[in-house]
Amino acid sequence: MSCSTRMGSWSIDARVRDGRDRRLSPRVFSFLGRGKQNVSVQMDADPEGNHLLQKIREIAGESSCRVSSALVSGQGRGVVSDGILLPGQDVCRVPMDCIVMTPARAVQMSDGLQALDEHIVAELPDWTILALYLVDVMQQRTNSSLYSAYSHVLPQETGCVLEWSDDDVELLRGSHLHTIASEIRHAAESTMADVEALPCPEVYKDRKMLVWALSILLTRVVRLGQDLQALCPGLDFFNHDCSSESFILLDENNRVYVKADRLYMPGDQVMISYGNQKTRGEFLLQYGFLPPASEKTYDACLFPIDIVLEDGDDVVSDGMGEKVFPLSLQGLPEGILKYAAVASIQEQQSGGYVIKQDNNILDGSDGDVSKETRKRALKWLMGRMKQRQHDMATSMEDAKRLVGKDGLDTRRQRIGAVLLHEHRVLSKAQFMAQQFYRQL
């Protein structure tokens with residue numbers, strides 16, 4: 001995920017499940033992982049979700065959607081296969097114009113946006129436009145029967161960081177996750193300030209409604225291609241599996257689709273990936289849930305190193321600057337010694353002169369850096385990692401107390417789990433750096 005100070009420039013790859021826990025006509029489907037372990041998952045019927053999927057079939061054709069909606073225990077809303085799905089087979093494929101709500105389409109369909117001067121609307125960021133349209137949807141001020149049905153399945157709460165208290169966010173202080181959380185919340189505040197300044201009805205300026213709308217966007221907006229971000233009703237029912245290789249994509253004919261990446265039998269829950277480069281902490285901030293701790297893909301601790309570039313310094317190659325490295329229990333990431341070496345130099349001496357004398361730091365791999373430079377980099381890393389742990393508002397013992405012994409059912413328990421893992425990764429990384437230093 002990347003973001004600037006305005007929500008209109010955020011890049012969101014996928015969305016999270018519906019957080020409501022409604023139980024209707026209980027039944028149990030057999031969920032076979034097909035390549036993983038067999039798992040039995042409680043699922044309940046979902047009339048409202050299936051009503052929306054039926055609307056999609058009526059618009060795009062019966063073959064456009066080969067799944068049904070179900071309420072999955074512990075996961076919220078999900079989708080299950082109506083029949084046998086083979087790897088590579090379409091799960092759904094729907095013309096974009098049928099269901100996808102882009103910023104441009106939202107302008108055409110929103111009463112509030114239509115009432116504004118077109119020059120004002122043209123300057124609004126994409127996420128502001130989509131947020132105002134969601135307010136219209138929840139106020140039943142849309143002439144779209146599909147989005148009227150969509151309004152009944154949207155959760156009242158998502159669990160994302162926009163809904164956290166200040167005290168919850170403060171627990172992250174000292175972690176890079178606190179920086180990310182602050183950027184997201186600042187972007188939301190900027191968007192709400194933009195809306196407050198608009199000459200539009202007060203209903204669009206209700207803070208509680210806007211926080212809800214922006215939370216829905218943070219957890220459900222899909223990025224289709226490089227620049228287009230949109231809401232995809234029905235397709236945002238898919239739950240996340242980090243082993244999945246399925247994504248919500250756009251084909252050359254402007255149809256939004258999902259393909260099966262494994263064999264699914266009737267009643268199996270069909271899964272997609274929300275992105276394979278997110279850490280567990282980032283999932284918690286954006287979606288409000290944690291992928292299983294045993295899955296190594298998301299075990300990283302984000303560790304930023306900032307290289308200060310002086311004006312006119314043409315020695316430092318492209319790509320140097322601030323970089324966030326994913327520390328893990330498996331080892332130090334490639335490239336971190338190069339950055340640490342330059343950072344250590346800039347803390348001690350005039351960066352430009354020393355870099356020119358040892359410019360092999362800037363090119364090649366960590367293994368190409370000289371022995372003395374590697375020692376200096378490792379020593380700097382050990383000190384910075386130790387300081388990072390010291391600066392964290394939540395100590396390792398505090399994190400253990402937050403987690404407790406009763407699972408990860410509450411937000412604070414999940415925050416504690418992420419911070420406890422971060423402490424363990426930092427401790428292990430310090431140990432590994434110390435071992436490498438001694439070998440040199």
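Guide: Let us begin with Ala45, which belongs to strand β2 (residues 38-45). Please keep in mind that this is a predicted model.

Visitor: Is Ala45 buried, partly exposed or exposed?

Guide: The relative accessible area of Ala45 is 24%, so the residue is partly exposed, given that the partly exposed class begins where the buried class, under 20%, ends. In sequence Ala45 and Val72 are 27 residues apart, whereas their C-alpha atoms are 9.1 Å apart in space.

Visitor: Where does Asp46 lie, and how far apart in space are Asp46 and Ser69?

Guide: Asp46 is found in the loop between β2 and α1 (47-60). Its relative accessibility is 2%, so Asp46 counts as buried. Asp46 and Ser69 are separated by 23 residues in sequence and by 5.9 Å from C-alpha to C-alpha.

Visitor: How are such separations summarised for the whole protein?

Guide: Among contacts between residues at least 6 apart in sequence, 69% join residues at least 24 apart. The protein has 16 helices and 13 strands, and 54% of its 440 residues count as buried.

Visitor: Where do Tyr147 and Tyr150 lie?

Guide: An α-helix has 3.6 residues a turn, so residues three or four places apart point the same way. Both Tyr147 and Tyr150 lie in helix α7 (residues 145-151), three residues apart, which is about one turn of the helix. Tyr147 is buried, at a relative accessible area of 1%, and Tyr150 also counts as buried, at 0%.

Visitor: At what angle do the planes of Phe283 and Phe289 lie?

Guide: The planes of Phe283 and Phe289 are at 55° and the ring centres are 5.6 Å apart, so the pair is tilted. Phe283 counts as buried at 0% relative accessibility, as does Phe289 at 12%. Ring pairs also link these two residues with Tyr274 and Tyr287 into a cluster.

Visitor: Which charged end sits over the ring of Tyr257, and which over that of Tyr437?

Guide: Over the ring of Tyr257 sits the charged end of Arg93, 4.1 Å from the ring centre. For Tyr437, the charged end is that of Lys375, 5.6 Å from the centre of the ring.

Visitor: What span does helix α9 reach, and which residue caps its N-terminal end?

Guide: Helix α9 (residues 176-196) has 21 residues and reaches 30 Å from its first C-alpha to its last, close to the 30 Å expected at 1.5 Å a residue. Ser175 is the N-terminal cap of α9, with a side-chain oxygen 3.1 Å from the backbone nitrogen of Leu177.

Visitor: Finally, what is the value of phi at Asn254?

Guide: At Asn254 phi is near 60°, a positive value in a residue other than glycine. Asn254 lies in the loop between β9 (249-250) and β10 (255-259), and counts as partly exposed at 42% relative accessibility.

Methods:
Residues numbered from 1 in each chain as written. Predicted model: local features only at pLDDT ≥ 70, side-chain atom pairs only at ≥ 80, totals over all residues. Heavy atoms only, no water. Helix = DSSP H or I, 4+ residues; strand = E, 2+ residues; numbered from the N terminus. Buried < 20%, exposed > 50% of the residue type's maximum accessible area, 1.4 Å probe, protein only. Contact = heavy atoms within 4.5 Å. Phe/Tyr/Trp six-rings, centres within 6.5 Å; stacked < 30°, edge-to-face > 60°. Lys NZ or Arg CZ within 6 Å of the ring centre and 35° of its normal. Expected span 1.5 Å × (residues − 1). Polar contact = N/O pair within 3.5 Å; in protein donor to acceptor, adjacent residues only side chain to side chain.
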